[in-house]
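Subject: Structure for your review

Dear colleague,

I am passing on the structure we spoke about, and below it I have set out what was found. Please read the notes with the coordinates open beside them.

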Amino acid sequence: MKVTKSEFIISAVSPSQYPEDALPEIALAGRSNVGKSSLINRMINRKNLARTSSTPGKTQQLNYYRINDALYFVDFPGYGYAKVSKTQRALFGQMMEKYLLEREELKLVMQMIDMRHPPTKDDIMMYEWLKHHGLPVCVVTTKMDKIPKTRRAKHAKVIRDAIGLHPEDSFVSFSSEEGLGKDELWAVISRYAGFSEEQPSVGE
């Protein structure tokens with residue numbers, strides 16, 4: 001998919017703030033500092049539309065990015081960060097759960113896991129929760145460039161096995177630094193969003 005237009009729309013904290021144009025939505029979930037903002041920027045060929053932060057837990061809303069006037073990336077608050085208070089974590093959890101279970105426009109959840117390490121308990125619980133509720137998932141392993149090429153397949157297998165990847169779910173290894181996995185991930189997103197292969201430049 002050729003991205004010709006991308007823009008930040010809103011940091012939403014309640015359904016009343018969600019966009020009403022009924023475009024397909026792709027949610028990005030993962031631990032703090034897993035690289036969600038970097039992935040968004042790489043996918044849309046922008047350096048800093050999605051702001052990266054050295055402070056984990058900074059994202060505290062659902063950040064909406066509209067791509068080609070054709071779909072949204074919805075960036076979730078990072079989970080598993082200890083310095084966020086229990087009250088804040090509970091509020092984030094309620095907001096995310098309500099969105100995931102009730103948002104009709106949601107077409108796919110991209111669960112992002114750091115490829116350098118085995119999945120955490122939070123990663124495994126998140127995946128199991130998504131599957132329990134029948135949500136479509138694409139597991140995206142980030143920071144692939146940090147691992148030698150000869151070891152990437154082994155790291156990918158550790159993650160697949162640890163979360164118990166369902167056969168219907170896509171699995172994409174990704175590097176925001178080098179752009180590895182970008183085309184493959186766009187193909188997955190386009191399929192779930194309902195775009196045809198002959199529609200690479202939606203919105204032009």
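Helices here are DSSP runs of H or I with at least four residues, numbered from the N terminus. Helix H4 in this sense spans residues 149-163, and histidine 155 lies in it. Please keep in mind throughout that this is a predicted model.

Histidine 155 has a relative accessible area of 14%, and because buried means under 20%, this residue counts as buried. Leaving aside residues up to four places away in sequence, histidine 155 touches Met115, Arg116 and Ile147.

The strand E2 (25-30) deserves a careful look.

Turning to the aromatic side chains, the count comes to six aromatic pairs. One of these pairs is formed by tyrosine 18 and tyrosine 64, which are tilted at 40° between the planes and lie 5.9 Å apart, centre to centre. This pair links distant parts of the chain, since tyrosine 18 sits in the loop between strand E1 (6-12) and strand E2 (25-30) while tyrosine 64 belongs to strand E3 (residues 62-67), 46 residues apart. Tyrosine 18 and tyrosine 64 are both buried.

Phenylalanine 76 and tyrosine 99 form an edge-to-face pair, at 5.5 Å centre to centre and with 80° between the planes. Here too distant parts of the chain are linked, with phenylalanine 76 in the loop between strand E4 (71-75) and helix H2 (86-102) and tyrosine 99, 23 residues apart from it, in helix H2. Both phenylalanine 76 and tyrosine 99 are buried. Tyr18, Tyr64, Tyr72, Phe76 and Tyr99 form one aromatic cluster.

Finally, arginine 160 lies over the face of phenylalanine 171, at 4.2 Å from the ring centre.

Note on methods
Residues numbered from 1 in each chain as written. Predicted model: local features only at pLDDT ≥ 70, side-chain atom pairs only at ≥ 80, totals over all residues. Heavy atoms only, no water. Phe/Tyr/Trp six-rings, centres within 6.5 Å; stacked < 30°, edge-to-face > 60°. Helix = DSSP H or I, 4+ residues; strand = E, 2+ residues; numbered from the N terminus. Buried < 20%, exposed > 50% of the residue type's maximum accessible area, 1.4 Å probe, protein only. Lys NZ or Arg CZ within 6 Å of the ring centre and 35° of its normal. Contact = heavy atoms within 4.5 Å.
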